[in-house]
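Please bring the model up on your screens, and we will walk through it together.

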Amino acid sequence: MADLKERLLPPKPASAINLREAINNRPSASGRVPFQGVDVLGLKKRGQGLRSWIRVDSSGNSQIIEVDKFTMMRRCDLPARDLRLLDPLFVYPSTILGREKAIVVNLEQIRCIITADEVLLLNSLDSYVLQYVVELQRRLKATGVDEVWQNDANHGADLNRRRGSRNFDNVFVNTSPDYLPFEFRALEVALEAACTFLDSQAAELEIEAYPLLDELTSKISTLNLERVRRLKSRLVALTRRVQKVRDEIEQLMDDDGDMAEMYLTEKKMRMESFVYGDQSVTGYRSIDGASISAPVSPVSSPPETRRLEKSLSIARSRHESTRSSESTNENIEELEMLLEAYFVVIDSTLNKLTSLKEYIDDTEDFINIQLDNVRNQLIQFELLLTTATFVVAIFGVVAGIFGMNFEIPMFGNPDAFKWVLLITGVSGIIIFSAFVWFFRYKRLMPL
């Protein structure tokens with residue numbers, strides 16, 4: 001694991017000390033070095049210390065950076081409650097949140113922030129986190145996602161700057177029908193890692209559960225019952241986690257607004273296109289040799305120029321609205337197919353756990369039937385024993401009667417004792433047989 005971490009994560013580009021020195025020694029706009037002798041990063045409130053993050057850019061390169069919470073909030077434009085979802089000290093259910101400039105992912109061990117240009121994970125020695133980073137790097141370096149988008153964006157921006165055109169459709173043209181932007185590839189790897197992790201745990205639970213349940217059906221013991229109880233507790237906890245991931249994916253699939261919010265690259269390109277469009281509009285507003293970058297006052301502009309600017313602005317707004325709506329509908333289908341693929345995987349895992357739970361319930365029912373059968377046999381045996389005790393009590397009654405201190409002629413007969421035993425025994429047998437027949441007649445005993 002240490003070799004993998006050293007190979008995966010290069011040395012820190014700048015430690016906390018080097019970063020402080022760079023900030024303290026950086027000259028300002030006036031040429032002076034600000035905050036000399038002051039540790040800027042040391043001026044933090046309590047509980048706002050630096051944290052180590054693994055950063056993977058769109059080219060597949062990784063590095064370790066150290067930033068505090070508020071810097072991360074400003075960098076990704078996230079509220080504090082979203083960063084708490086990534087805190088390893090707290091246990092939160094699986095969540096996928098789409099924000100303006102980032103996607104917050106909390107799926108089992110994978111807790112990361114995905115932006116249009118990078119993925120930020122809390123630095124951890126967890127094998128699943130390292131596997132996620134390795135797999136993401138492999139896919140990014142194999143496909144070169146960022147290069148395709150960057151080339152299209154630069155080409156469209158150059159055309160817009162040279163021609164002053166307001167047609168930005170070529171910025172968002174996909175090079176292939178299977179194209180996915182950077183944030184969705186990172187999200188796909190996170191979903192795959194979470195689904196694989198949960199499916200492996202479900203498979204391990206199945207391998208452990210079925211032999212244990214078969215052993216319990218053949219031999220009911222306190223040890224086996226305790227093992228099954230622990231197994232069922234683990235099953236319930238794992239089912240709850242799988243159900244939460246499934247519900248989160250299903251909720252995203254049902255909400256088109258949330259899916260549209262997750263198109264970070266497209267929103268970034270649209271913002272850049274708006275910036276270029278504003279620059280071209282500013283160029284139209286320059287008249288009589290005035291500077292292109294300096295806007296002309298509406299008071300000094302002729303009415304024809306203002307009407308032309310207004311018409312162009314309205315036409316551009318309508319065009320952008322129509323194109324954005326069509327593009328969003330098409331892209332939502334792509335994200336929906338991506339989510340649907342992993343929804344099928346996590347639903348299959350949930351079905352495995354459901355089948356295992358049903359098997360445990362069936363085993364419990366079978367054990368209860370066995371226990372009821374044993375209990376019924378004990379009751380029948382107790383009934384027979386009580387009947388036999390009643391028959392034997394008859395001998396005690398006869399012995400008590402003849403044991404009284406009185407004399408009768410029968411005592412002089414030497415065969416009288418044999419006759420008393422014989423008659424008493426036959427009477428007891430007849431009474432016992434009558435009881436057994438009555439029990440079978442009432443179906444209190446098996447026939």
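Before the sheet itself, a definition: two strands count as paired if DSSP finds at least two bridges between them, and the strands (E, at least two residues) and helices (H or I, at least four residues) are DSSP runs, numbered from the N terminus. Please keep in mind that this is a predicted model, in which local features need pLDDT of at least 70 and side-chain atom pairs count only at pLDDT 80 or more, while totals for chains, interfaces and linings use all residues. Residues are numbered from 1 along each chain as its sequence is written, and side-chain values use heavy atoms, with hydrogens and water left out.

So, the sheet. Six strands form an open, antiparallel sheet, and their order is S2-S1-S6-S5-S4-S3. At the edges are S2 (62-67) and S3 (95-98), each of which pairs on one side only. From one strand to the next, the twist averages 20°. S1 and S2 are joined in the antiparallel sense over six bridges, and Trp53 stands opposite Ile65 in S2.

Which strands does H7 lie across? Helix H7 lies across S1, S3, S4, S5 and S6, and runs at about 10° to S4; here axes are lines fitted to C-alpha atoms, for helices over the stretch in contact, and angles run from 0 to 180 degrees between N-to-C directions.

Now for the core, meaning a set of buried Ala, Val, Leu, Ile, Met, Phe, Trp, Tyr and Cys residues joined through side-chain atoms within 4.5 Å, where buried means under 20% relative accessible area, with a 1.4 Å probe and protein chains only. The largest nonpolar core has 60 residues, and Ile114, Val119 and Tyr132 touch the most other members. Among the elements that give two or more residues to this core are S1 (51-57), helix H5 (127-143) and helix H7 (182-218), and H7 gives the most, with 17 residues. If we leave aside neighbours within four places in sequence, Tyr132 is in contact (heavy atoms within 4.5 Å) with residues including Ile110, Cys112, Val189 and Ala190. There is also a second, separate core of 16 residues, which includes Met73, Leu78, Val104 and Leu120.

Last, helix H12 (residues 416-441). Expected span is 1.5 Å times one less than the number of residues, so the 26 residues of H12 should span 38 Å, and the end C-alpha atoms are 37 Å apart, which agrees. Buried residues in H12 include Ala416, Val420 and Phe439, and just after H12, Arg443 takes a positive phi of about 60°.

Methods:
Buried means under 20% relative accessible area, exposed over 50%, partly exposed in between (1.4 Å probe, protein chains only).
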